Amino acid sequence: MRRETIAIHSGFDADPTTKAVAVPIYQTAAYAFDSAEHGAALFDLQVEGYRYSRISNPTSTVLEKRVAELEGGVAALTVASGQAALHFTLANVADHGGNIVSVPQLYGATHALLTHILPRQGIQGRFAESDHPDAIARQIDENTKAVFCECIGNPAGNICDIEAIAKVAHAAGVPLIVDNTVATPILLRPFEYGADIVAHSLTKFMGGHGTTLGGAIVDGGTFPWAKHAERFPMFNQPDASYHGLVYAEHFGREAFIARCRSVYQRNMGSVLAPMSAFLLLQGIETVALRIERHVENGRKVAEFLRDDPRVDWVSYAAFPGSPYYDLSRKYLNGQASSLLTFGIKGGLEAGRQFYNRLGLIKRLVNIGDAKSLACHPASTTHRQMAPEDQLKAGVRPEMIRLSIGIEHIEDILEDLDQALDAAVIETADRPRLAANG
Ligand SMILES: Cc1ncc(COP(=O)(O)O)c(C=O)c1O
């Protein structure tokens, strides 16, 4: 099946008992055992089935199959949010100690996870100077457990050269883990370029309606954990928390997801509610169509801002002047996501006036909604970062981030136009008012 069809059909045909064609919401905590022996066999992983919804749930299973197939992976685990997916993923690969080498252009909470939270758990975050594969290679050492990047950075909008970065990671014997939230598998399938694990915030473009938090981890099934047994004892030595199971032996290509589920989901929670899984499935049904409109509207907004004398700069990867233009052609068919950033003339103060005057476009910290959204990253999503780290992450003080929705383009442009006008008038007025006392 093609991606448009997978998004609608994968993982579910019709309910075997009722013949319902919508995915049922299995709002249950637990599942009955046929007998004591059946319960024991389920816990021994000798038979397939459900035990308790902290481990797995039939509604979430459909979502897991659908996201895995959209990405072209072998298995997936859904969790309560994108951040939970990233925490589980990075801990799963490095919880015996070591470091994760990352590009600097990351979503703020992920930057905090690597800088402040994981180090307290014995996992160091190491940031390369840039997203260039050579800069990443320089940070890798014998304690590195994975290389990490966002395929398209939020908010920087940089496009990572997945193929080249995967080569660097594999040459060092470590997997490439990517966050594919902004691109979605509709624009880019990282496994096709050598990534090993994909993490998602389903809250964004995948769910698409800004109603439901959720995350997913997808296993490409490609990384040879057994070949690197010394670096990755967690997949190759008996797990005392699961009566001596050896994940790489028992689960083969699905070892990463199986351990994520058995060690992290089972013991630490962060479970996706069945109702949320249902809502995310509803959203995903239209992801391919929505992305098409997001991309088209994003380009029109980028062109409008580029051509407007009130605007100082626009960062949009699919413009020939962008440093990411060639990568947009290689990975995104010459397109860019509808996430873009810009600064208006008059700097921070003019930007503040512009932001306050937006009408249709909502002021908030989310991306990937059907609605157009705007945010000032330096004072919100990336506020906790040091100014120099903000710059490396692609966050300039005056920068406004737009996530362009799927409304009629003229309504979006009219709102931007009137807010730009207001910013020009108010900032022009300011010195005069001051001079008048
Ligand atoms: C690229 C990226 N990854 C992960 C997350 C975290 O997702 P969630 O809000 O679902 O925890 C976000 C949130 O903005 C994001 O932009």
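The buried residues of helix H11 are Ala255, Phe256, Ile257, Ala258, Arg259, Cys260, Arg261, Tyr264 and Gln265; a residue is buried if 20 or more other C-beta atoms, placed from the backbone, lie within 10 Å of its own. The structure is a predicted model, in which local features need pLDDT of at least 70, side-chain atom pairs count only at pLDDT 80 or more, and totals for chains, interfaces and linings use all residues. Residues are numbered from 1 along each chain as its sequence is written. Helices are DSSP runs of H or I with at least four residues, and strands are runs of E with at least two, numbered from the N terminus.

The cover over the buried residues of H11 includes strand E1 (75-79), helix H4 (82-94) and strand E6 (197-201). H11 has a kink of about 30°, centred on arginine 261, the bend being the angle between axes fitted to the seven residues ending there and the seven starting there. Just after H11, glycine 269 adopts a positive phi of about 80°.

The domain assignment, automatic or from a database, gives domain 1 (3-283) and domain 2 (287-435). Their centres, taken over C-alpha atoms, are separated by 30 Å. In domain 1, 33 residues are in contact with 34 residues of domain 2, contact meaning C-beta atoms, placed from the backbone, within 7 Å. On the side of domain 1 that touches domain 2, helix H1 (3-9), helix H5 (108-117) and helix H8 (184-187) are the elements that give two or more residues.

Notes: A residue is buried if 20 or more other C-beta atoms lie within 10 Å of its own, exposed if 12 or fewer, and partly exposed in between; C-beta atoms are placed from the backbone. Two residues are in contact if their C-beta atoms, placed from the backbone, lie within 7 Å.
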